[in-house]
Amino acid sequence: MSHEHGPDPLDENAPHGESARPDGPSHADLIDPWTDPRGTYVLEPDDLRSLLARIVVAPGATTRTTHTPFTGGPLAAVPLSTVDDVARAARLARAAQHGWAAVDLAERAAVLLRFHDLVLRDQSDVLDLVQLESGKSRLSAFEEVADVAMVARHYARSGARYLAPRRTPGFAPILTSVRVLRHPVGVVGVISPWNYPFTLSMGDTLPALLAGNAVLLKPDTQTVLTALWGVEQLEAAGLPAGVVQVVVGDGPTIGGAVVDHVDHVSFTGSTATGRTVAARAGERLISASLELGGKNAMYVAEDVDVETAAEGAVRACFSSTGQLCVSVERLYVHEDVADEFVDAFVRRTRALILGADLDYRADVGSLTSAAQLATVTDHVLDALAHGARVLAGGVRRPDLGPLFYEPTVLTDVSREANVFAHETFGPVVSVYRVASDDEAVAAMNEGDLGLNASVWTRDVARGRRLAARVVAGTVNVNEGYAAAWASVAAPQGGARASGLGHRHGAEGIWATTRAQTVALQRGVHGVPGLRSLFPGNPTGVGLGRLYARPGQQVATVFTAALRVMRAMRRA
Ligand code: NAD
């Protein structure tokens, strides 16, 4: 893949917005850099055409041109689905699901492992796409590759265990045998945002597929190429065509239509949208997993190695340009170590290298959209107006690209400032001093969000104790975010308004299944040996024998049996 820019990629006249598509989705309307000086030659046109042709649209669909945040240059003319297209995609997915569910579980797992291998082998292709669509640094993009590979391996290896029929104690000892089965719900809707386009489109798709579901995927339009690349690799790994259907378009209209047609929805995005999705899913009485926003806090205790903690804090705050749901935006530092820690933290923040290249040289990339840049700028200016001071950053970097903003450290942030309690979702962190663990925990637990938190201390037992007191779905001790997220066998999700339900681990795959309890009553038709000894007498021991007695006797026998079970410590 090459990466060249036209002379003025930010030209106001550069094509954007929606236009009529007379030729259908099979021909992507690429700007050709050889004939059009505004063009940005980023991908082989043929690769792009086959990817975009995967979107379910009717002939003549309108398109929206996406732009790379790095330069503002055009990336792709993305065909947009209509509400009717969503209904058709759902029908296609439903038709393909039955065949897929009938495929041996071992073969479904093998598809995930082959997908794992393809993703690692061809990682440079998807790294380019993730960077070009989101603007993040290559190392942050690589975290997505690593994450998707880990999730694929985990469910391929553990899925059979999670889905196996589970025996539970029956109602009547020996006589009642119970198995809990896990059936696929049918079609799972996956609605994903632009910030982790590979992780969040594939991460929920993989367990849903392993459980035998089809998937109706609606990625954010800005990052659709990355999601489509993932689907292409799934099919290359052996997933039958049609099991994953992709629709694209305006969030409320097309995302809403997805909720209207699926049997479970796995949604990742803002808390505000999550509430809308939950309400719509509630109307249909379908389940929803909601992975929402955060205002994540880190506490640095006085016993830390300052340089180690500062390195971890910089990664936790500025990975993926701070556009990471689990990244840290509030930093509470024990006053005994505050001066030393803040010096190290600010020095390391200032040393971060910003850049827009498709290689590993830069530490931090660009913001993804003008809306993100506006929020970040507003939060910093508003904080300054309320008396905050900037210790690092606080400025745009138009010399690097239209949406670059320097990693920013604020102090003296007032409670009235927007940045105090509202998610910035950008490279901005506020530093506060605290005098004790209790003060730190109280401050971390303020607000109505609770996605991720981080605690730094040399004392492992103290770290565990503090973690248990923090109201957050995940708490990392001596790491910012990666340890909990990458531990894919454990549930990941938000407390309070940061979400409902979980991804990863057993919870992540069970969410896409329907539990069915099958209770078998033994001996109802009589015990074979006894039947020949007492011909003509019923020897069955089913509930019918008991209920044939007068009601008073039934109640007496039952009461005695309950007392015996209590005495036997039966669960
Ligand atoms: P968003 O809620 O605006 O959009 C997310 C997705 O939902 C997009 O695909 C969008 O098109 C779609 N959508 C929008 N309105 C919809 C509606 N009414 N019905 C159905 N779908 C709709 O979020 P965003 O701004 O794209 O993403 C950033 C947010 O996501 C941040 O708040 C961030 O913290 C959060 N996030 C959370 C996690 C997590 O795992 N908890 C991960 C990444 C991002």
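1. How many salt bridges does a search of the whole structure find? The search finds 25, a salt bridge being a side-chain nitrogen of Lys or Arg within 4 Å of a carboxyl oxygen of Asp or Glu. One pairs Glu307 with Arg347, with the closest N and O atoms 2.5 Å apart. Glu307 sits in helix α11 (residues 306–318) and Arg347 in helix α12 (residues 338–350), so the pair ties together parts that are 40 residues apart in sequence. Helices (H or I, at least four residues) and strands (E, at least two) are DSSP runs, numbered from the N terminus.

2. Basis of the model. This is a predicted model, where local features need pLDDT of at least 70, side-chain atom pairs count only at pLDDT 80 or more, and totals for chains, interfaces and linings use all residues. Residues are numbered from 1 along each chain as its sequence is written, and side-chain values use heavy atoms, leaving out hydrogens and water.

3. Domains. The chain is divided into domain 1 (80–292 + 508–515), domain 2 (297–487) and domain 3 (530–564). These bounds come from an automatic or database domain assignment. The C-alpha centres of domain 2 and domain 3 lie 67 Å apart.

4. Record annotation. An unreviewed UniProt entry places "domain: Aldehyde dehydrogenase" at residues 64–518. UniProt positions follow the numbering used here, feature names are shortened, and annotations may be inferred rather than shown by experiment. The span is 44% helix and 20% strand, and its end C-alpha atoms are 50 Å apart.

5. Ligand shell. The ligand is surrounded by 27 residues, the closest being Ser192, Ser270, Thr273, Leu292 and Glu423; a residue counts if one of its heavy atoms lies within 4 Å. The shell divides into eleven nonpolar, eleven polar and five charged residues, with Gly counted as polar. Domain 1 and domain 2 each supply at least three shell residues. Helix α9 gives the most, with four.

6. Polar contacts (pairs of N or O atoms within 3.5 Å). Ligand oxygen atoms lie 2.8 Å from a polar backbone atom of Ser192, 3.0 Å from a polar side-chain atom of Lys218 and 3.2 Å from a polar backbone atom of Gly269. Taken alone, the ligand exposes 850 Å², and the protein buries 88% of that (Shrake-Rupley method, 1.4 Å probe).

Notes: Polar contact = N/O pair within 3.5 Å; in protein donor to acceptor, adjacent residues only side chain to side chain.
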